[in-house]
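Dear colleague,

Please find below the structure that I am handing over to you, followed by an account of what was found in it. I would be grateful if you could read the two side by side.

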Amino acid sequence: MDRETLLQAIENGPVRVTMNDGSSYDIGGLRDVAVDSSTCYLMQRGPDGRYRAIWLALVCMTKIEQLSTAS
């Protein structure tokens, strides 16, 4: 995955990113991430209510799916 492809997908609404180990992460929008040339830094609220930083290597991303937004 490259930076531009990921950012374009996120601009169109929430996405689910699948990694090469089978794990997946939902990204709600551009406000939730910072993306550089090799890493997506995702801020996600944990079960305890605290925000956690998750580092996702772009080279390990295998799929991006657009998620539907609730109307």
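Strand β1 and strand β6 (residues 61-66) pair in the antiparallel sense over 5 bridges; two strands count as paired if DSSP finds at least two bridges between them. Strands (E, at least two residues) and helices (H or I, at least four) are DSSP runs, numbered from the N terminus. The model is predicted, so that local features need pLDDT of at least 70 and side-chain atom pairs count only at pLDDT 80 or more, while totals for chains, interfaces and linings use all residues. Residues are numbered from 1 along each chain as its sequence is written, and side-chain values use heavy atoms, with hydrogens and water left out.

Thr18, a residue of β1, is buried, with a relative accessible area of 15%. Here buried means under 20% relative accessible area, exposed means over 50%, and partly exposed lies in between (1.4 Å probe, protein chains only). Leaving aside neighbours within four places in sequence, Thr18 is in contact (heavy atoms within 4.5 Å) with Ser23, Ser24, Cys60, Met61, Thr62, Lys63 and Glu65. Strand β1 (residues 15-19) has 4 of its 5 residues buried, so it is largely enclosed by the rest of the structure.

β1 also pairs with β2, in the antiparallel sense and over 4 bridges. Arg16 stands opposite Asp26 in β2. The hairpin of β1 and β2 has 4 residues between the strands, and Gly22 takes a positive phi near 95° there.

These strands form an open sheet of 3 strands in the order β2-β1-β6, with antiparallel pairing. Its edge strands are β2 and β6, each of which pairs on one side only. Neighbouring strands of this sheet are turned by 20° against each other on average, direction ignored. For such angles, axes are lines fitted to C-alpha atoms, for helices over the stretch in contact, and angles run from 0 to 180 degrees between N-to-C directions. Helix α1 packs on the sheet and touches β1, β2 and β6; the direction of α1 makes about 20° with that of β6.

A second open sheet is described next. It consists of 3 strands in the order β3-β4-β5, and the pairing is antiparallel. β3 and β5 stand at the edges with a single partner strand each, so one side of each is left without a neighbour in the sheet. On average, and with direction ignored, neighbouring strands of this sheet are turned by 15° against each other. β3 and β4 run antiparallel and are joined by 3 bridges, and the bridge partner of Ala34 in β4 is Tyr41.

Tyr41 is also one of the contacts of Asp32, together with Ile27, Leu42 and Met43, not counting residues up to four places away in sequence. Asp32 is found in the loop between β2 (24-27) and β3 (33-35). Asp32 counts as buried, at 15% relative accessibility. The side chain of Asp32 makes a polar contact with the side chain of Arg31 (2.7 Å). A polar contact is a pair of N or O atoms within 3.5 Å; within protein, one must be able to donate a hydrogen and the other to accept it, and residues adjacent in sequence count only if both atoms are side-chain atoms.

The largest nonpolar core has 16 residues, of which Leu6, Ile27, Cys40 and Met61 touch the most other members. Such a core is a set of buried Ala, Val, Leu, Ile, Met, Phe, Trp, Tyr and Cys residues joined through side-chain atoms within 4.5 Å. At least two residues of this core come from each of α1 (3-11), β1, β3, β4 (39-45) and β5 (51-57), and α1 gives the most, with 4 residues. Not counting residues up to four places away in sequence, Leu6 touches Met1, Val17, Val35, Cys40, Leu58, Met61 and Ile64.

Lastly, the cysteines. A search of the whole structure finds 0 disulfides, a disulfide being a pair of cysteine sulfur atoms within 2.5 Å. The sulfur of Cys40 is 12 Å from the closest cysteine sulfur, in Cys60, which is too far for a bond. Cys40 counts as buried at 0% relative accessibility, whereas Cys60 is partly exposed, with a relative accessible area of 25%.

With kind regards
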